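Biologist: I am new to this structure, and I would like to learn how to read its salt bridges. Could you walk me through them?

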Amino acid sequence: MDNQQVNVAALWSCASVTCLSLDAKRHSNNHNSSSSNSNHNNSSSNNISSNTATATESNESCRKLRHIAHTPRGSCFMALLLLLLLALNFRHAHSCGPGRGLGRRRERNLYPLVLKQTVPNLSEYQSGASGPLEGAIERDSPKFKDLVPNYNRDILFKDEEGTGADRVMSKRCKEKLNMLAYSVMNEWPGVRLLVTESWDEDHQHGLESLHYEGRAVTIATSDRDQSKYGILARLAVEAGFDWVSYVSRRHIYCSVKSDSSPAISHVHGCFTPESSAQLESGKQKLLSELAIGDRVLSMNSNGRPVYSEVILFMDRNLEQMETFVQLHTDGGAVLTVTPAHLITVWQPEEQKLSYIFADRVEEQSFVMVLESSSGELRPQRVHRVSSVRRKGVVAPLTREGTIVVNSVAASCYAVISSQSLAHWGLAPMRFLHTLQSWMPQKNQLRSTPKSTTSTATSTSTAQQQNGLHWYASALYKVKDYVLPQSWRHE
């Protein structure tokens, strides 16, 4: 009992020191930002101004690259995290290790659906498709608050009723529809996605329809070119709709699972296994082969490239099919990431860095890309945003909380809109990893090669994690109770 009390006291003390250190660092950075780094600020701003025509010529152009300001969010979140920390009792996390990649990226071949074809070839209401009906949602029903409006400017809504009902849908349906809108514009420049029907409050679709739940849409193209509809149906499949039917020559029908369905895939953030990170040696390594202990290229709070240690994997599943957002830059870099992942974006008007969700990055935005000639991170314009389906998800966590993947700087976090709050939330795992580095576990995966036996043990240990890390899963559950909806990815 005495030993347990000592452990609790030690954990509480270390957590307090961590929080105080973060707070002291924040105030120190604020106090010294205008004096100790002025020369560096001037040179960095001049370099960025030369790459962005919209950069202002005021004194703000001399400010350094920085992360979004630290916010005092989460005092109640801190209490819950401390309870989680006490529950750890120094349990070691499952480690991840080398795995088979997916090989070289191949060009996507789109095969159009034929009239009356459905994907998958199941009943719409089976669990392998959109799942069972849950009941019609009326405007005055309690579930109506779970539906969301879609104001995507790249989508045309027919709205024959004049009530805005065609813009109302479930969160999952909105996510997939926005992904499809990107694909339509990329496939046919100048053509936009047309939604002819979404949530139906007038009961015009028979006795049983997912339209009544906001889980179904009927779509076409803005030019009404029926020769495009076979490919449009295929694009809807690629965008991640759970059931797609080329039901008529006039339109395509798509539906999704319920937002509350346990079968819904990742709502958090990951990269594809075939994406790569740069090691401290300068070599590129596939994320599927990344190991705990590897030091990979990251970005510090000043926007400078640094190498940071991988301490765990938030998620790792090489078999999971998932829908990703692809960001293509003018320089040729392509980042493939899940929609809820945080991406580093440069704001030329305000001369600062911020973090936004991947599915909210727009064309003409600027992301931070590694410049091979100088080794520095510079803003590059995003000229195309698309969506793809890929097999496998990998989400490494570094001490810095950032990682450069495929030469593009990104956060290690997702779902929560605040980089600083998410980084603070993972402080217990950074502390735990430090303790484990002092007292290495027998089965802990390390990147340092020792012997064939050791490598085999590490590889088998890596296979123990197949899915979401237990601590990340706990945080994702807690967030719905302690964070306002505006701070979360919806």
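Biologist: Which residue forms a salt bridge with Arg381?

Modeller: Side chains of opposite charge can pair when their charged atoms come close. A salt bridge here is a side-chain nitrogen of Lys or Arg within 4 Å of a carboxyl oxygen of Asp or Glu. Arg381 pairs in this way with Asp330, with 3.8 Å between the closest N and O atoms. Arg381 lies in strand β17 and Asp330 in the loop between β12 and β13 (334-337), so the pair ties together parts that are 51 residues apart in sequence. Strands (E, at least two residues) are DSSP runs numbered from the N terminus.

Modeller: Keep in mind that this is a predicted model, where local features need pLDDT of at least 70 and side-chain atom pairs count only at pLDDT 80 or more, while totals for chains, interfaces and linings use all residues. Residues are numbered from 1 along each chain as its sequence is written, and side-chain values use heavy atoms, leaving out hydrogens and water.

Biologist: Where do Arg399 and Glu309 lie?

Modeller: These two side chains meet in a salt bridge at 3.6 Å, N to O. Arg399 is in the loop between β17 (377-398) and β18 (402-405) and Glu309 is in strand β12 (residues 305-329), so the pair ties together parts 90 residues apart in sequence.

Biologist: Is Lys176 buried or exposed?

Modeller: Buried means under 20% relative accessible area, exposed over 50%, and partly exposed in between (1.4 Å probe, protein chains only). Lys176 is buried, at 1% relative accessibility. Its salt-bridge partner Glu175 is partly exposed at 22%.

Biologist: How many salt bridges does a search of the whole structure find?

Modeller: The search finds 18.

Notes
Helix = DSSP H or I, 4+ residues; strand = E, 2+ residues; numbered from the N terminus.
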